[in-house]
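Work through the following exercises with the structure open beside you, and try each task before you read its solution.

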Amino acid sequence: MAVSKIWRRGVHYLQKRNATSVPSDLLEKGQNRVIDASLTLIRERAKLKGELVRALGGAVASTSLLGVPIGHNSSFLQGPAFAPPRIREAIWCGSTNSATEEGKELKDPRVLTDVGDVPVQEIRDCGVSDDRLMSVVSESVKLVMEEAPLRPLVLGGDHSISFPVVRAVSEKLGGPVDILHFDAHPDIYHAFEGNKYSHASSFARIMEGGYARRLLQVGIRSITSEGREQGKKFGVEQYEMRTFSRDRDFLENLKLGEGVKGVYISIDVDSLDPAFAPGVSHIEPGGLSFRDILNILHNLKGDVVGADVVEFNPQRDTVDGMTAMVAAKLVRELTAKISK
């Protein structure tokens with residue numbers, strides 16, 4: 001039996017027990033303790049890394065990795081829950097050096113630190129609802145941002161994580177951001193398969209909450225009528241692959257974030273053509289090349305206040321970890337864009 005199915009069975013069993021024989025006050029106290037312990041760990045790690053960066057001096061903004069291994073909101077496969085450690089392993093793989101293309105050195109803590117993972121499975125094993133889990137994710141992001149100059153770069157996990165992360169960034173900064181979103185799908189269903197936190201509904205939640213002024217979606221090539229209707233409803237700028245050659249010049253000269261609190265970048269690995277990144281749950285041919293994404297990122301003008309890399313599925317990767325290296329390279333180049 002797949003590990004993800006075992007996880008689900010364990011959570012479902014506890015939820016059944018909750019409804020029948022566990023006193024609600026006892027359960028709630030236990031859940032609160034686990035959540036408090038989880039947030040304490042993130043808080044203290046962020047505090048330590050923030051103190052280090054401030055002591056070294058010279059950093060206006062510094063990238064800090066935060067893993068959010070959520071996979072249960074995927075509509076197909078759950079494997080993205082296993083991605084954060086595989087991405088970290090690939091970042092520091094000895095097959096490449098630790099410099100970004102623009103020359104920033106990842107071994108410098110003023111460029112990149114890591115506060116670890118939100119212990120998602122441990123929290124879910126206590127029967128915590130998705131409402132509370134999403135709040136824990138948001139709170140964890142805010143704890144990172146409290147330790148200036150740290151800025152969050154979140155490792156998913158499925159795309160459901162973008163909603164609580166963007167919510168936290170917007171609330172912490174006191175206003176909306178502009179979002180640059182790379183994806184094969186718009187992820188803007190109202191509530192896909194009845195799940196308001198589905199990875200296919202994250203940007204509906206973001207737009208409903210007023211957390212973004214502009215949402216630009218790049219790489220789209222699998223979109224339903226609902227996706228188009230929702231896009232129109234929220235004023236989303238959807239750039240589909242079928243017109244990419246026409247849109248390329250505009251996308252490679254973006255200027256975002258003026259008049260709002262900055263720019264947030266969300267990269268779903270399946271935005272890439274599967275020739276470049278086969279290790280994803282939803283394989284959609286006809287996507288972006290890796291250099292397409294880098295050209296857009298490198299030329300982007302704007303203050304990047306947070307980002308995520310999501311939907312890498314290690315269970316579908318090649319034996320040599322090709323997609324892990326691709327995800328790691330995205331993280332490295334996003335780090336260079338955030339840190340200054």
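**Exercise 1.** Determine the handedness with which α5 passes α6, and describe how the two helices lie against each other.

*Solution.* Begin with the handedness: α5 passes α6 in a right-handed crossing, where right-handed says that the near helix is turned clockwise from the far one by less than a right angle, and left-handed that it is turned anticlockwise. The contact is made by M134, S135, V137, S138, V141, K142 and M145 of α5 and by P164, V165, R167, A168, V169, E171, K172 and L173 of α6, contact being defined as heavy atoms within 4.5 Å. Sorted by class, this contact has nine nonpolar, two polar and four charged residues; Ala, Val, Leu, Ile, Met, Phe, Trp, Tyr, Cys and Pro count as nonpolar, Asp, Glu, Lys and Arg as charged, and the others, Gly among them, as polar.

Next take the geometry: the axes of α5 and α6 (residues 162-173) come within 8 Å and cross at roughly 45 degrees, the axes being lines fitted to C-alpha atoms, for helices over the stretch in contact, with angles that run from 0 to 180 degrees between N-to-C directions. The two helices are therefore oblique to each other, since angles under 35 degrees count as roughly parallel, over 145 as roughly antiparallel, 65 to 115 as roughly perpendicular and the rest as oblique.

Before going on, note that this is a predicted model, in which local features need pLDDT of at least 70 and side-chain atom pairs count only at pLDDT 80 or more, while totals for chains, interfaces and linings use all residues. Residues are numbered from 1 along each chain as its sequence is written, and side-chain values use heavy atoms, with hydrogens and water left out.

**Exercise 2.** Find how the axes of α2 and α5 cross, and which residues make the contact.

*Solution.* The axes of α2 (residues 24-56) and α5 (residues 130-145) come within 9 Å and cross at roughly 20 degrees, and these helices are therefore roughly parallel to each other. Their crossing is right-handed. On the α2 side the contact is made by Q31, N32, I35, L39, I42, R43 and A46, and on the α5 side by R132, V136, E139, S140, L143 and V144.

**Exercise 3.** Decide whether the residues of β1 are buried or exposed.

*Solution.* Seven of the seven residues of β1 are buried, so this strand is largely enclosed by the rest of the structure; buried means under 20% relative accessible area, exposed over 50%, and partly exposed in between (1.4 Å probe, protein chains only). S62, S64, L66 and V68 point one way from β1, whereas T63, L65 and G67 point the other way.

Conventions: Helix = DSSP H or I, 4+ residues; strand = E, 2+ residues; numbered from the N terminus.
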